[in-house]
Amino acid sequence: MKFDIVTIFPRMVGALLSEGLIARAAERGILDVAVHDLRSFARDRRRTVDDVPYGGGPGMVMKPEPFVRAARHLRRHRGAPDAVVLMSPQGAPLTHAEAVRLSGLNHVVLLCGRYEGVDERVREHVATEELSIGDYVVSGGELPALVVVEAVARLVPGVVGDAESVRADSFTRNLLDWPHYTRPADLDGCRVPEVLVSGNHAEIRRWRKRAAVRRTIERRPDLLRHSVLDEEEREILQDLQGPGQARKAGAGI
């Protein structure tokens, strides 16, 4: 899978991509991730990418021409993308379902804004969609773009060594993950649940399912409306919530 990230801070983005899961997948040829300096697509000596807003107001607005030139350059030299995503707090929320959809594409371009915002013509004529990582504002699109790359890339076959760990992730079935423990078994009197060191794999599996359902009820009950539970998990939900509430959780159960 191919990612292109357009930013005015290529060194910032490149540094974070040079470590960890994404870097290892790129070394193995599973991912092709390139970072492009938006300022290199400006035409003036100062490499200007922003200007004052029409109509007045605070801050600076990112100019459309560098984004247009960047998109044309990528199309010529990196191929036609399947999606050009503008990172924006006004975009659709990044969910697991969105990450799955994007992971099925071959080539995704991510545009990173800064300052007060991006000229609306970038949204209308360059980007094919907008994504947001939450209902808050950060200083630019770089960190959100990296979140998208991480969320999407780990769903690409071969990026994560243990595919089962991806299938068991929170939100895969709209069910939060169970608690995880490792050595030592006793940390200043705080012990690992006995079932996990019992060696009884059937009981461990049921404990984990129960813990995951309980955690979802306590922390994200809204997920249960669209969760995909097996028969055993439905029985656990009914036991924890009661018959009436379990039915109310939704047809997706």
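The model is predicted. Its largest nonpolar core has 28 residues, and a second, separate core has 18. The largest pocket has a volume of about 440 Å³. A cis peptide bond joins Arg183 and Pro184.

**Nonpolar cores**

- The largest nonpolar core holds 28 residues. Phe3, Ile5, Leu31 and Leu110 have the most contacts inside this core.
- Ile5 touches several parts of the chain. Leaving aside neighbours within four places in sequence, its contacts include Val13 and Leu17. Ala34, Val35 and His36 are also in contact with Ile5. Leu110, Cys112, Ala145 and Val149 complete the list for Ile5.
- A second, separate core has 18 residues, among them Val6, Ala42, Ala70 and Val109.

- Is Glu142 buried or exposed? At 1% relative accessibility, Glu142 counts as buried, because the cut-off is under 20%.
- Glu142 sits in helix 6. A polar contact of 2.9 Å joins its side chain to that of Arg114.
- Not counting residues up to four places away in sequence, Glu142 touches Thr7, Ile8, Phe9, Met12 and Val13, among others. Cys112, Gly113 and Arg114 are also touched by Glu142.

**Ser132: a buried strand residue**

- Ser132 belongs to strand 8 (residues 129-132). Its relative accessibility is 5%, so Ser132 counts as buried.
- Which residues are in contact with Ser132, leaving aside its neighbours within four places in sequence? They are Ser88, Pro89, Gly91, Ala92, Pro93 and Leu94.

**The loop between strand 2 and strand 3**

- Val49 lies in the loop between strand 2 and strand 3. With a relative accessible area of 0%, Val49 is buried.
- Leaving out residues up to four places away in sequence, Val49 touches Ile8, Leu38, Arg39 and Ala42, among others. Val61, Met62, Lys63 and Pro66 are also touched by Val49.
- Glu19 is 30 residues from Val49 along the chain. The C-alpha atoms of the two are separated by 29 Å.
- Arg47 is also placed in a loop, between strand 2 (32-37) and strand 3 (50-51). Its phi is near 55 degrees, a positive value in a residue other than glycine.
- Arg47 is partly exposed, with a relative accessible area of 36%.

**The loop between helix 7 and strand 9**

- Arg183 and Pro184 are joined by a cis peptide bond, with omega about 5 degrees. Pro184 lies in the loop between helix 7 (163-167) and strand 9 (186-187).
- Asn174 is placed in the loop between helix 7 and strand 9. Phi of Asn174 is near 60 degrees, a positive value in a residue other than glycine.
- Asn174 is partly exposed, at a relative accessible area of 23%.

**Helix 9: faces and ends**

- Helix 9 covers residues 231-241. Glu232, Glu233, Ile236, Leu237 and Gln241 are buried in this helix.
- Why do the buried residues of helix 9 line one face? Seen down the helix axis, they fall within an arc of 150 degrees, so they line one face of the helix.
- On the other side of helix 9, Glu231 and Asp239 are exposed.
- Asp230 caps the N-terminal end of helix 9. A side-chain oxygen of Asp230 lies 3.2 Å from the backbone nitrogen of Glu232.
- Just after helix 9, Gly242 takes a positive phi of about 100 degrees.

**Largest pocket**

- The largest pocket has a volume of about 440 Å³. It is lined by 17 residues.
- Which lining residues are the closest to the centre of the pocket? They are Thr95, His96, Ala97, Ser170 and Phe171.
- Helix 4 provides the largest share of the lining, 3 residues.

Definitions and conventions: Residues are numbered from 1 along each chain as its sequence is written. This is a predicted model: local features need pLDDT of at least 70, side-chain atom pairs count only at pLDDT 80 or more; totals for chains, interfaces and linings use all residues. Side-chain values use heavy atoms; hydrogens and water are left out. A nonpolar core is a set of buried Ala, Val, Leu, Ile, Met, Phe, Trp, Tyr and Cys residues joined through side-chain atoms within 4.5 Å. Buried means under 20% relative accessible area, exposed over 50%, partly exposed in between (1.4 Å probe, protein chains only). Contact means heavy atoms within 4.5 Å. Helices (H or I, at least four residues) and strands (E, at least two) are DSSP runs, numbered from the N terminus. The arc is that of the directions from the helix axis to the C-beta atoms. A polar contact is a pair of N or O atoms within 3.5 Å; within protein, one must be able to donate a hydrogen and the other to accept it, and residues adjacent in sequence count only if both atoms are side-chain atoms. On a 1 Å grid over the protein atoms alone, a cavity is a set of points where a 1.4 Å probe fits but cannot get out, and a pocket is an open set with protein on both sides within 12 Å along at least five of seven lines; lining residues have an atom within 4 Å of a point. Grid points are joined across faces, edges and corners, and a volume is the space filled by probe spheres set on the points.
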